[in-house]
Amino acid sequence: MPFPYTVPQDGYATERLPFHIQLGRGIGTKMNKTAFISGVTGQDGAYLAQLLLEKGYVVHGGVRANAQDSLDRLSRLGIQDRVKLHNFDLLDMNNVFRVLRDLRVDEFYNLAAQSFVGASWDSAMNTLDINAMGAARVLDTLRTTSPETRFYQASTSEMFGAVRAVPQSELTPFNPRSPYAAGKAMAHYLTVNYRDSFGMHASCGILFNHESPLRGLQFVTRKISSTLARIARGSAEVCRLGNMDARRDWGYAPEYVEGMWRMLQQDRADDYVLATGATTTVRDFVSCVAGALGMRLDWEGEGLTEVARNAATGQVVVCVDPAFFRPAEVDLLIGDPAKAKAALGWQATTDVTALATIMARADYDSTANRLAA
Ligand code: NAP
Ligand code: G4F
């Protein structure tokens, strides 16, 4: 059965007057929608906050108590002072409950996670507690305190793991290969379960890899763009990588947060794949970044001895380091975004060459700024 509270698309939320009167707003006043973003300090959180502010939302964001340094992305986008920040930790049920009970936002985007697959084997319990139980804490709090809130869960292509179909769509079975992916699969199933059991407007975005100049430095694309940018500026370092045969469907993060928002504007909640529909090896991403920096690479050797040299100088710029191999690898991800295109009108428009160029230029420019400082 649908919940009695709905927020009409025109922005007038007349069914929720008691709450709005509490906030001192008059009857019939044009309302701004409200949203809460967990993980607002991350790559996607920052871009989503920017998008929602542009759309006129009042944006609340969850920040861990000890995370002052991580406001960097919000300040790079110039929105640090426009997001209403709350101490928020998915590990702490009391904290989650108190914050959400009081706010009762229109939309909740659950982006917070221990999001680095490579670290999830060494911190499996922590990863599961944040990524799986954290989603459960939010869902259950919303069910009891604010069931009309629309909920977005950040699901992931990593859930397809050792893939059972190519390309992967909403119908492809999950086969997770890491504690990270196993935890995300649990959160995904819980979200579907709360939708089916309690009628909550709860949707999962199964997002394939999406990157940007705000991407964390530990992820392979940003590791490559930042290291090669420093090398292009004269650094003698070498970019040490793990499995360069892995293939990913890489898109541009600002486009993907638009897809998240569109999911929550649908009349019915559902699950959607967001992807470009193309896949690229890590090795080819290196070549794209080098090309964008005007550096031609000569590849030689294979396996552990494979290197890439700067053709102009002979300097080794990339080598293989087994320290970056994973206990279990996801070899091939390529998404089928047909459902998102048909139902949401969403489509990725930045291909991997353009993405590599955006990231390489941003890192090249910021390296110059650091050198000048
Ligand atoms: P990210 O940059 O690593 O951001 C993760 C965010 O989660 C950070 O704000 C972090 O806060 C916060 N966080 C970590 N532990 C927390 C906790 N216990 N309580 C509250 N907040 C916590 O990740 P992203 O790339 O933006 O990804 C956003 C979400 O989408 C994640 O759930 C990720 O797993 C998922 N996803 C990402 C991709 C992708 O390609 N980017 C693809 C599919 C799914 P701090 O600043 O304090 O560390
Ligand atoms: O950049 P990655 O660490 O991203 P990964 O593991 O695909 O996970 C990212 O995308 C997921 C969506 O599919 C998200 F759910 C997740 O939160 C995260 O955002 O690694 C990409 C590939 C892997 O196959 C890895 O083994 O690159 C390979 N790789 C090779 N050398 C490396 C390295 N990865 C990293 N991080 N560092 C390396 O030196």
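What follows is a chat about a predicted model of a protein chain and one of its ligands.

Visitor: Hi! What does the secondary structure of the protein chain come to?
Guide: Hello! The chain has 11 helices and 15 strands. Keep in mind that this is a predicted model.

Visitor: And how much of the chain counts as buried?
Guide: Of its 373 residues, 54% count as buried. The chain exposes about 16,300 Å², and carbon and sulfur atoms supply 51% of that area.

Visitor: What share of the contacts comes from residues 24 or more positions apart?
Guide: Taking contacts with a separation of 6 or more, such residues account for 74% of them.

Visitor: Let's pick a helix. Is α2 mostly covered or mostly open?
Guide: Mostly covered: 10 of the 12 residues in α2 are buried.

Visitor: Which ones are they?
Guide: The buried residues are Gln43, Asp44, Gly45, Ala46, Tyr47, Leu48, Ala49, Leu51, Leu52 and Leu53.

Visitor: What covers them?
Guide: The cover includes the strands β1 (34-38), β2 (58-63), β4 (107-110) and β7 (210-211). Helices α3 (72-76) and α8 (253-264) are also part of the cover.

Visitor: How does the span of α2 agree with what a helix should give?
Guide: Helix α2 runs over residues 43-54, and at 1.5 Å a residue its 12 residues should span 16 Å. The end C-alpha atoms are 17 Å apart, which agrees.

Visitor: And what follows α2?
Guide: Gly56 follows α2, and the phi of Gly56 is positive, near 90°.

Visitor: Switching to ligand 2. Which residues come nearest?
Guide: There are 24 residues around ligand 2, and Thr156, Ser157, Tyr180, Arg326 and Glu329 come nearest.

Visitor: What classes make up that shell?
Guide: The shell has 10 nonpolar, 7 polar and 7 charged residues. Helix α7 (220-232) and strand β8 (239-241) each supply at least two residues of the shell.

Visitor: What about Lys223 and Arg215, how far are they from an oxygen atom of ligand 2?
Guide: A polar side-chain atom of Lys223 lies 2.7 Å from a ligand oxygen atom. For Arg215, a polar side-chain atom lies 2.9 Å from an oxygen atom of ligand 2.

Visitor: Where does Ser115 come in, with its backbone or its side chain?
Guide: With its backbone: an N or O atom there lies 2.7 Å from an oxygen atom of ligand 2.

Visitor: And how much of ligand 2 does the protein bury?
Guide: Taken alone, ligand 2 exposes 710 Å², and the protein buries 96% of that.

Definitions and conventions: Residues are numbered from 1 along each chain as its sequence is written. Chains are lettered from A and ligands numbered from 1 in the order in which they are written. This is a predicted model: local features need pLDDT of at least 70, side-chain atom pairs count only at pLDDT 80 or more; totals for chains, interfaces and linings use all residues. Side-chain values use heavy atoms; hydrogens and water are left out. Helices (H or I, at least four residues) and strands (E, at least two) are DSSP runs, numbered from the N terminus. The expected span of a helix is 1.5 Å times one less than its number of residues. Buried means under 20% relative accessible area, exposed over 50%, partly exposed in between (1.4 Å probe, protein chains only). Contact means heavy atoms within 4.5 Å. A residue is near a molecule or strand if one of its heavy atoms lies within 4 Å of it. A polar contact is a pair of N or O atoms within 3.5 Å; within protein, one must be able to donate a hydrogen and the other to accept it, and residues adjacent in sequence count only if both atoms are side-chain atoms. Accessible areas come from the Shrake-Rupley method with a 1.4 Å probe; for residues, only the protein chains shown count as cover. Ala, Val, Leu, Ile, Met, Phe, Trp, Tyr, Cys and Pro count as nonpolar, Asp, Glu, Lys and Arg as charged, and the others, Gly among them, as polar.
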